[in-house]
Amino acid sequence: MTVFYTIFFFIATLFSQTPAIEGTWITQDDETGKKKSEVLIYKEKGKLYGKITKLLLAEDQGKKCVKCKGEEKDQPIEGLVIIKALELDEDTWEDGTILDPKSGKIYDCSIGFENENTLKVRGYLGFSLLGRTQIWTRK
(Lines give C-alpha, C1' and ligand atoms only; values in the text may rest on other atoms or scores of the structure.)
Protein backbone atom coordinates (compact mmCIF):
# COMPACT_ATOMS: atom_id res chain seq x y z
CA MET A 1 0.00 0.00 0.00
CA THR A 2 2.88 2.39 0.80
CA VAL A 3 4.32 1.86 -2.68
CA PHE A 4 0.95 2.78 -4.20
CA TYR A 5 0.84 6.08 -2.26
CA THR A 6 4.43 6.90 -3.19
CA ILE A 7 3.73 6.36 -6.89
CA PHE A 8 0.44 8.29 -6.66
CA PHE A 9 2.08 11.34 -5.04
CA PHE A 10 4.99 11.24 -7.49
CA ILE A 11 2.60 11.27 -10.47
CA ALA A 12 0.44 13.99 -8.88
CA THR A 13 3.55 16.14 -8.37
CA LEU A 14 4.52 15.76 -12.02
CA PHE A 15 1.13 17.00 -13.17
CA SER A 16 0.85 19.85 -10.69
CA GLN A 17 4.09 21.63 -11.56
CA THR A 18 3.88 25.11 -13.04
CA PRO A 19 4.46 25.07 -16.81
CA ALA A 20 7.70 26.54 -18.15
CA ILE A 21 7.36 30.27 -18.73
CA GLU A 22 10.36 30.56 -21.04
CA GLY A 23 9.57 30.88 -24.71
CA THR A 24 7.94 33.23 -27.18
CA TRP A 25 4.67 34.94 -26.27
CA ILE A 26 2.32 37.00 -28.45
CA THR A 27 1.08 40.36 -27.15
CA GLN A 28 -2.10 42.08 -28.29
CA ASP A 29 -2.95 45.72 -28.87
CA ASP A 30 -5.24 46.80 -26.03
CA GLU A 31 -7.44 48.91 -28.30
CA THR A 32 -7.73 46.82 -31.47
CA GLY A 33 -7.09 43.30 -30.18
CA LYS A 34 -4.64 42.71 -33.05
CA LYS A 35 -1.49 40.70 -32.44
CA LYS A 36 1.16 43.33 -31.73
CA SER A 37 4.51 41.70 -30.96
CA GLU A 38 6.45 38.61 -30.06
CA VAL A 39 8.26 38.67 -26.71
CA LEU A 40 10.93 36.13 -25.81
CA ILE A 41 10.78 35.38 -22.09
CA TYR A 42 13.94 33.93 -20.61
CA LYS A 43 15.68 33.39 -17.28
CA GLU A 44 19.04 34.86 -16.42
CA LYS A 45 20.68 34.24 -13.03
CA GLY A 46 17.36 33.04 -11.60
CA LYS A 47 15.42 36.14 -12.66
CA LEU A 48 12.94 36.57 -15.50
CA TYR A 49 13.43 38.89 -18.47
CA GLY A 50 11.53 39.54 -21.68
CA LYS A 51 12.71 40.98 -24.98
CA ILE A 52 10.64 42.08 -27.98
CA THR A 53 11.92 39.97 -30.85
CA LYS A 54 9.41 40.93 -33.53
CA LEU A 55 6.86 43.68 -34.17
CA LEU A 56 3.87 42.21 -36.00
CA LEU A 57 1.99 45.32 -37.16
CA ALA A 58 3.24 46.95 -40.36
CA GLU A 59 2.84 50.43 -38.86
CA ASP A 60 5.21 49.52 -36.00
CA GLN A 61 8.06 48.22 -38.17
CA GLY A 62 11.29 50.14 -37.56
CA LYS A 63 9.91 52.18 -34.66
CA LYS A 64 12.21 53.38 -31.92
CA CYS A 65 11.51 54.00 -28.26
CA VAL A 66 11.49 57.79 -28.57
CA LYS A 67 9.72 58.41 -25.23
CA CYS A 68 12.04 56.11 -23.27
CA LYS A 69 14.69 57.42 -20.93
CA GLY A 70 18.21 56.24 -20.18
CA GLU A 71 19.87 53.58 -22.29
CA GLU A 72 16.56 52.63 -23.98
CA LYS A 73 16.11 56.17 -25.40
CA ASP A 74 15.83 56.07 -29.21
CA GLN A 75 16.66 52.36 -29.36
CA PRO A 76 14.78 50.13 -31.82
CA ILE A 77 11.75 48.55 -30.16
CA GLU A 78 12.65 45.21 -31.73
CA GLY A 79 15.37 43.84 -29.48
CA LEU A 80 14.37 45.96 -26.49
CA VAL A 81 14.34 44.21 -23.10
CA ILE A 82 10.99 45.26 -21.65
CA ILE A 83 10.67 42.85 -18.70
CA LYS A 84 13.45 43.03 -16.14
CA ALA A 85 14.45 41.13 -13.02
CA LEU A 86 11.20 39.41 -11.99
CA GLU A 87 11.58 36.87 -9.20
CA LEU A 88 9.49 33.76 -8.63
CA ASP A 89 7.24 33.87 -5.57
CA GLU A 90 5.31 30.59 -5.39
CA ASP A 91 3.55 30.57 -8.80
CA THR A 92 3.86 34.27 -9.76
CA TRP A 93 6.83 36.22 -11.09
CA GLU A 94 7.02 39.65 -9.43
CA ASP A 95 9.18 42.42 -7.94
CA GLY A 96 10.55 43.44 -11.34
CA THR A 97 9.57 45.96 -13.98
CA ILE A 98 7.99 46.21 -17.41
CA LEU A 99 8.58 48.98 -19.95
CA ASP A 100 5.79 50.29 -22.17
CA PRO A 101 7.65 51.30 -25.37
CA LYS A 102 4.70 53.39 -26.53
CA SER A 103 4.74 55.72 -23.51
CA GLY A 104 8.31 55.15 -22.36
CA LYS A 105 7.02 54.51 -18.84
CA ILE A 106 8.34 51.81 -16.54
CA TYR A 107 5.89 49.98 -14.28
CA ASP A 108 6.13 47.42 -11.50
CA CYS A 109 5.21 44.05 -12.93
CA SER A 110 3.85 40.64 -12.03
CA ILE A 111 3.27 37.71 -14.35
CA GLY A 112 1.26 34.56 -13.71
CA PHE A 113 -0.31 31.78 -15.70
CA GLU A 114 -4.00 31.81 -16.54
CA ASN A 115 -3.38 28.39 -18.10
CA GLU A 116 -0.32 26.76 -19.65
CA ASN A 117 -0.62 28.77 -22.89
CA THR A 118 -1.88 32.08 -21.47
CA LEU A 119 -0.11 34.62 -19.28
CA LYS A 120 -1.61 37.45 -17.27
CA VAL A 121 0.92 40.29 -17.37
CA ARG A 122 0.15 43.08 -14.91
CA GLY A 123 1.80 46.49 -14.94
CA TYR A 124 1.12 48.87 -12.06
CA LEU A 125 2.46 51.81 -10.08
CA GLY A 126 3.05 51.09 -6.41
CA PHE A 127 -0.04 49.00 -5.68
CA SER A 128 -1.11 46.06 -7.80
CA LEU A 129 -4.72 47.32 -7.61
CA LEU A 130 -3.76 50.42 -9.65
CA GLY A 131 -2.77 49.09 -13.04
CA ARG A 132 -3.81 47.03 -16.00
CA THR A 133 -3.51 43.43 -17.05
CA GLN A 134 -2.70 42.16 -20.53
CA ILE A 135 -3.21 38.63 -21.77
CA TRP A 136 -0.31 37.11 -23.70
CA THR A 137 -0.56 33.80 -25.54
CA ARG A 138 2.15 31.24 -26.21
CA LYS A 139 3.42 31.17 -29.78
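I began with strands β7 (residues 118-124) and β8, which in this predicted model run antiparallel and are joined by 7 bridges.

Next I followed β8, residues 131-138, to its pairing with β1, where I found an antiparallel arrangement joined by 2 bridges. The residue I looked up here was Trp-25, whose bridge partner in β8 is Arg-138.

I then turned to the pairing of β1 (residues 23-28) with β2 (residues 35-44), which is antiparallel and extends over 6 bridges; within it, Thr-27 stands opposite Ser-37 of β2. These two strands form a hairpin with 6 residues between them, and in the turn I noted Gly-33, which has a positive phi of about 80°.

Which order do the strands take when they close into a barrel? I traced 8 strands in the order β1-β2-β3-β4-β5-β6-β7-β8, with antiparallel pairing.

Last, I checked the confidence: the protein chain has a mean pLDDT of 88, and 87% of its residues reach 70 or more. Over residues 1-16, however, pLDDT stays under 50, and the model has 0 contacts beyond four places in sequence for this stretch.

Terms used: Residues numbered from 1 in each chain as written. Predicted model: local features only at pLDDT ≥ 70, side-chain atom pairs only at ≥ 80, totals over all residues. Heavy atoms only, no water. pLDDT = per-residue confidence, 0-100. Contact = heavy atoms within 4.5 Å. Pairing = 2+ DSSP bridges. Helix = DSSP H or I, 4+ residues; strand = E, 2+ residues; numbered from the N terminus.
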